[in-house]
Amino acid sequence: MQSRTTKLAIVGAGAVGSTMAYAALMRGAARTVALYDLNAAKVEAEVLDLQHGLEFMPQATVQGSDDISVCAGADVVVITAGAKQRPGQSRLDLADATIGVVRAVLPPLLEVAPDAIYLLVTNPVDVVTYAALQTSGLPPRQVFGSGTVLDSSRLRQSVAQHCGVAVQNVHAYIAGEHGDSEIPLWSSATIGGVPLLDWQGLPGRGSLTAADREAIARDVVQSAYRVIAGKGATNYAIGLAGSRIVEAILGDEHRVLPVSTLIQGNEDLDGICLSVPALVDRRGCDVRIDVPLNDEERAGLRRSAEAMRETLQKVGLRNPA
């Protein structure tokens with residue numbers, strides 16, 4: 001049960017936005033879910049479809065419109081609108097078009113929901129989050145991206161499947177870019193409280209070797225491309241991941257999640273948006289968790305940061321150092 005009335009606004013009624021609305025309703029993340037999209041017929045149809053299932057969900061209302069005022073008074077605004085990633089494209093290929101969408105939609109959103117927490121769930125999420133911070137002028141705690149929350153879930157699922165344990169017993173993070181340069185933080189990962197690097201394996205199953213870990217990390221990076229090649233979009237898992245972040249905000253959960261935030265005060269990562277474990281609550285996200293890193297992981301994060309700086313330069317968001 002929510003302690004007070006809460007409102008979630010979702011910008012974009014495409015595959016990700018509509019699935020996130022469904023996931024948020026099913027999980028009882030907010031008492032009001034509002035969908036906004038420029039395509040009036042599409043958003044009306046999505047809202048009607050959701051409304052017809054409200055009997056089977058936790059108590060909530062659903063509204064939608066092609067008028068930005070539907071987002072008024074939102075506690076959290078999730079932006080899913082952007083260019084669609086097609087087979088063969090990297091997330092970074094989408095940068096220019098999606099930045100344009102975000103720059104266009106943010107000013108009117110700020111007029112109707114100036115105090116909301118803004119969550120970016122559109123690719124390339126780290127670049128788009130950086131652009132949203134520049135455009136909005138809001139403090140970094142109030143604007144952040146879904147980052148590697150989904151990637152970390154993919155990592156945990158792969159480890160759980162390999163080791164024969166429930167995914168809920170695996171604790172591990174992907175950090176860095178939400179994209180090809182992301183890295184798993186193996187040195188801090190655990191399975192049922194056992195450090196992952198010390199895992200000896202269950203009876204009849206082997207341990208998690210370096211080769212196994214390399215294969216899992218490679219699969220995590222490639223998995224979105226496989227989904228897109230087969231069905232045209234990823235929507236279920238990111239819808240659930242996004243709604244989980246929303247719950248952490250609206251429920252003031254103080255949840256540690258690897259969201260994409262503006263890194264400040266770290267010499268190697270300073271001034272860009274990347275994912276590291278951070279505290280998410282009703283204030284947004286302004287506390288990073290210093291997870292122990294080994295030398296290889298530090299080097300991987302530096303490489304990811306450098307790749308992000310180069311991309312920001314290419315799209316005109318950052319001047320050369």
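Visitor: What covers the buried residues of helix 4?
Guide: The cover includes helix 3 (95-112), strand 5 (117-120), strand 6 (143-145), strand 13 (260-262), strand 14 (273-275) and helix 8 (295-314). Helices (H or I, at least four residues) and strands (E, at least two) are DSSP runs, numbered from the N terminus. Keep in mind that this is a predicted model: local features need pLDDT of at least 70, side-chain atom pairs count only at pLDDT 80 or more, and totals for chains, interfaces and linings use all residues. Residues are numbered from 1 along each chain as its sequence is written, and side-chain values use heavy atoms, with hydrogens and water left out.

Visitor: How many residues of helix 4 are buried?
Guide: 10 of the 12, so the rest of the structure largely encloses helix 4. Buried means under 20% relative accessible area, exposed over 50%, and partly exposed in between (1.4 Å probe, protein chains only). Among the buried ones are V125, Y130, L133 and S136.

Visitor: And what comes just after helix 4?
Guide: G137, with a positive phi of about 75°.

Visitor: OK, switching to charges. How many salt bridges are there?
Guide: The whole structure has 12, counting a side-chain nitrogen of Lys or Arg within 4 Å of a carboxyl oxygen of Asp or Glu.

Visitor: Which residues are linked in a network?
Guide: R27, R244, E247, E253 and R255 are linked by salt bridges. Within that group, R244 meets E253 at 2.9 Å, N to O, and E253 also bridges to R255, with the closest N and O atoms 3.3 Å apart.

Visitor: Is R244 buried or exposed?
Guide: R244 is buried, at 19% relative accessible area.

Visitor: What does R156 do around Y173?
Guide: R156 lies over the face of Y173, 5.2 Å from the ring centre. The rule for that is NZ of Lys or CZ of Arg within 6 Å of the ring centre and within 35 degrees of the ring normal.

Visitor: What stands opposite T190?
Guide: P195, in strand 11.

Note on methods: Two strands pair if DSSP finds at least two bridges between them. Contact means heavy atoms within 4.5 Å.
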